Amino acid sequence: MSGAAARLIEGHVAALAEGLHGPARARARLLREAHDGLSDAVADLVGRGVPEGRAAERAVRDFGTPDEVRPAFQAELTLAQARGTSRLLALVLPALIACWYLAATVAPAPGDAAALLAGLLGAVAVGGTLLAAGAAAMTGALGRVVPAPARLPEAVAWTATCMSVALAVGALSLTAVWTASGDWAAAGAAGALTLLSHARVGSSARACRRCLGGAGR
């Protein structure tokens, strides 16, 4: 393919890429597929006797303008981000529940405050885990059989946001409880692990909301 035709295709794909939000690997894959599809369309037209420059223009026109095509690409990226976020929640939250209960058992605070707090946080985390597991199933293998609900990415985004806030509150509360009891090791371990999880979940929640904002354009 000549330089002019290649530049036309690359420019069209670059324009499509602007404003797309989602997992980097999925985004790169979609853009690569768009580029390869346009290149194949040009080659097919050239093979049928259409001059290459005109073939590139026709392939781009038939593909659709970036504004026309972008919503479909963004919808797929939003679903991919929701899948990744729900899987993250389904992995992180059960691990935290186990750690909270273990710490509360090994280093109980006066009046069983740590156990009570771990129980409350655990109940919240269990709810988030169940929602995340369901979302992961609907955006994964089950999604190949039954289409995922249109509002599922939004539900995942706000579930992750709520869990992120709960983890931040939980980290501060657990640290305060165990610090008051004088068990600095438990306070440090529980607080650090919960804050680390809060940061990871919060980042994924923001990515979900960014995808939803892109999809709403």
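**The largest cavity**

Begin by selecting Leu93, Trp100, Leu121, Val124, Ala125, Met163, Ala166 and Leu167, which line the largest cavity. A cavity here is a set of points, on a 1 Å grid over the protein atoms alone, where a 1.4 Å probe fits but cannot get out, and lining residues have an atom within 4 Å of a point. The model is predicted: local features need pLDDT of at least 70 and side-chain atom pairs count only at pLDDT 80 or more, whereas totals for chains, interfaces and linings use all residues. Residues are numbered from 1 along each chain as its sequence is written, and side-chain values use heavy atoms, with hydrogens and water left out.

The space in the largest cavity is about 30 Å³, a volume being the space filled by probe spheres set on the grid points, which are joined across faces, edges and corners. The structure has one cavity of 30 Å³ or more. Colour the lining by residue class: eight residues are nonpolar, none polar and none charged. In this scheme Ala, Val, Leu, Ile, Met, Phe, Trp, Tyr, Cys and Pro count as nonpolar, Asp, Glu, Lys and Arg as charged, and the others, Gly among them, as polar. At least two lining residues come from each of H4, helix H5 (113–139) and helix H6 (152–180).

**The overall fold**

Now display the whole chain as a cartoon. Seven helices and zero strands make up the protein's elements; helices (H or I, at least four residues) and strands (E, at least two) are DSSP runs, numbered from the N terminus. Of the 217 residues, 40% are buried, where buried means under 20% relative accessible area, exposed over 50% and partly exposed in between (1.4 Å probe, protein chains only).

**The largest nonpolar core**

Next, select Leu16, Leu20, Leu31, Leu38, Val42 and Phe73, which touch the most other members of the 22-residue largest nonpolar core. Such a core is a set of buried Ala, Val, Leu, Ile, Met, Phe, Trp, Tyr and Cys residues joined through side-chain atoms within 4.5 Å. Helix H1 (3–17), helix H2 (24–47), helix H3 (52–63) and helix H4 (66–106) each give two or more residues to this core. H2 provides the largest share, seven residues.

Centre on Phe73: leaving out residues up to four places away in sequence, Phe73 touches Leu16, Leu20, Leu30, Ala34 and Phe63. Contact means heavy atoms within 4.5 Å.

**Along H2**

Select H2 and show the side chains of its buried residues, Ala26, Leu30, Leu31, Ala34, Leu38, Ser39, Val42 and Leu45. Just after H2, Gly49 has a positive phi of about 95°.

Move to Ala135 in helix H5. Is Ala135 buried or exposed? Ala135 is buried, at 4% relative accessibility. Beyond residues up to four places away in sequence, Ala135 touches Ser86, Leu152 and Val156. Thr159, in helix H6, is also a buried residue, with a relative accessible area of 15%. Apart from neighbours within four places in sequence, Thr159 contacts Leu89, Gly128 and Leu131.

**The loop between H5 and H6**

Finish at Pro149, in the loop between H5 and H6. Pro149 is partly exposed, with a relative accessible area of 40%.

Conventions
On a 1 Å grid over the protein atoms alone, a cavity is a set of points where a 1.4 Å probe fits but cannot get out, and a pocket is an open set with protein on both sides within 12 Å along at least five of seven lines; lining residues have an atom within 4 Å of a point.
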